[in-house]
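Subject: Structure handover

Hello,

Here is the structure you asked for. My notes on what turned up follow below.

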Amino acid sequence: MPRVLLIKTSSMGDVIHCLPAATDMQRHIPDLQLDWVVEEGFADIPRLHPVVNKIIPVAIRRWRKNLFSKKIHQEFAAFRQTLQQQPYDLVLDTQGLLKSAWIGRMVDAPYSGYDSQSIREPLASWFYRQKFAVSRQLHAVQRNRQLAAQALGYMIDPEIDYGLSIEPQTFAWLPSDAYVVGLHATSRADKEWPEPHWIELAQKLAALGLKLVLPWGSTQEHQRAERLAKTLPNAIVAPRLNLQQAAALLAGARLVVGVDTGLTHLAAAVGVPVIALYCASEPGLTGVLGKAFAVNLGGMADIPSVGQTWGQVQQVLAA
């Protein structure tokens, strides 16, 4: 039974972009045992994929804040011991950074990754025994898929399949009416879509009888959601959700409209129509990509208008 250790640690969007590679492995290697090293804060993402056998959380982001702590040294020793408990037929680093390449060297197994021309940090390729060329002009999803296919010796299929297994959930706070999820929160203020735009979009949705659900993850984001909802009769502020609950909420939506944030990529992964709004970053090779309707609007200093967004919404609702 082939056993593979996959290293893709962060960020949320990057981890989601690696899920189709896991599906490909499952499809082409039916008896595969796949373990996944991922940052502790994103460990719930690979748990959504049924092929993943074991999640091995790592805490580099937290550890590096206090490298000389005895507790950190103990956690690292436990992490290393976990890595070395099972024999692996292949270690595959799809992250392509020095920190991820270093993790794989702790395991006594054949080690594969990008070659120095294909990788984000060229020095990282020195760690690998097998190195593969993958165009940097491909979307991140396809780069992960191509690397895994070369390392494991199969041809990828044209269709992208994130392979997620989402358990349906009923939320007492959510009416049974059709709803749209508005992912208004992101890591930087300049990536936010202007509040007047959200209000105008919500008013257009209300005219069609559609609710707008506003999730949040921090106090500031909660305040923003409440502020938006006060002006909109069709807006619902969600309670704090864990990742499984958020995935179920997204999967049940008629449509998701979201800014540049990990949950917008999760919406594409669960197969719901999604419109991604880029206000201070370029979607380019890391925008939303999925089997269902998935469109990227805007870019660096190019805030999508309500008109542009509504035109895409109408396409989804007319389908």
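A definition to begin: buried means under 20% relative accessible area, exposed means over 50%, and partly exposed lies in between, with a 1.4 Å probe and protein chains only. This is a predicted model, so local features need pLDDT of at least 70, side-chain atom pairs count only at pLDDT 80 or more, and totals for chains, interfaces and linings use all residues. Residues are numbered from 1 along each chain as its sequence is written, and side-chain values use heavy atoms, with hydrogens and water left out. Helices (H or I, at least four residues) and strands (E, at least two) are DSSP runs, numbered from the N terminus.

Aromatic residues

W102 counts as partly exposed, at 37% relative accessibility. W102 belongs to one aromatic cluster with W63, F76 and F79. For the pairs, the rule is this: rings of Phe, Tyr and Trp (its six-membered ring) pair if their centres lie within 6.5 Å; planes under 30 degrees apart count as stacked, over 60 as edge-to-face and the rest as tilted.

The structure holds six aromatic pairs. In one of them, W63 and F76, the ring centres are 5.9 Å apart and the planes stand at 85°, so this pair is edge-to-face. The pair links distant parts of the chain: W63 is in helix 4 (residues 60-63) and F76 in helix 5 (residues 70-83), 13 residues apart. W63 counts as buried at 8% relative accessibility. F76 is partly exposed, at 23%.

F76 also pairs with W102. That pair is stacked, with 5.6 Å centre to centre and 5° between the planes. F76 lies in helix 5 and W102 in helix 6 (residues 98-104), so the pair ties together parts that are 26 residues apart in sequence.

Helix 11

How many of the nine residues of helix 11 are buried? Eight are, so helix 11 (residues 262-270) is largely enclosed by the rest of the structure. The buried residues are G262, T264, H265, L266, A267, A268, A269 and V270. Contact here means heavy atoms within 4.5 Å. The buried residues pack against helix 1 (12-17), strand 7 (179-183), helix 10 (243-251), strand 10 (255-259) and strand 11 (274-278). G271 follows helix 11, and its phi is positive, near 90°.

Helix packing

Two packed helices are described by the angle between their axes and the distance between the axes. Axes are lines fitted to C-alpha atoms, for helices over the stretch in contact, and angles run from 0 to 180 degrees between N-to-C directions. Angles under 35 degrees count as roughly parallel, over 145 as roughly antiparallel, 65 to 115 as roughly perpendicular and the rest as oblique. A crossing is left-handed if the near helix is turned anticlockwise from the far one by less than a right angle, and right-handed if clockwise. For residue classes, Ala, Val, Leu, Ile, Met, Phe, Trp, Tyr, Cys and Pro count as nonpolar, Asp, Glu, Lys and Arg as charged, and the others, Gly among them, as polar.

Helix 10 with helix 11: the axes come within 9 Å and cross at roughly 60°. The two helices are therefore oblique to each other. Their crossing is right-handed. Helix 10 contributes L243, A246, A247, L250 and A251, and helix 11 contributes L263, L266, A267 and V270. By class, that contact has nine nonpolar, no polar and no charged residues.

Helix 2 (residues 19-28) with helix 7 (residues 140-152): the angle is about 30°, and the axes are 8 Å apart. That makes helix 2 roughly parallel to helix 7. This crossing is right-handed. P20, A21, D24 and M25 in helix 2 meet V141, N144, R145, A148 and L152 in helix 7. The contact has six nonpolar, one polar and two charged residues.

Helix 8 (residues 195-207) with helix 9 (residues 219-230): the angle is about 45°, with the axes 10 Å apart. Helix 8 is oblique to helix 9. The crossing is right-handed. From helix 8, E195, W198 and I199 meet R224, R227 and L228 of helix 9. By class, there are three nonpolar, no polar and three charged residues.

After helix 9

T231 lies in the loop between helix 9 and strand 9 (235-237). T231 is partly exposed, with a relative accessible area of 44%. T231 and Y128 are 103 residues apart in sequence and 55 Å apart in space, C-alpha to C-alpha.

Best wishes
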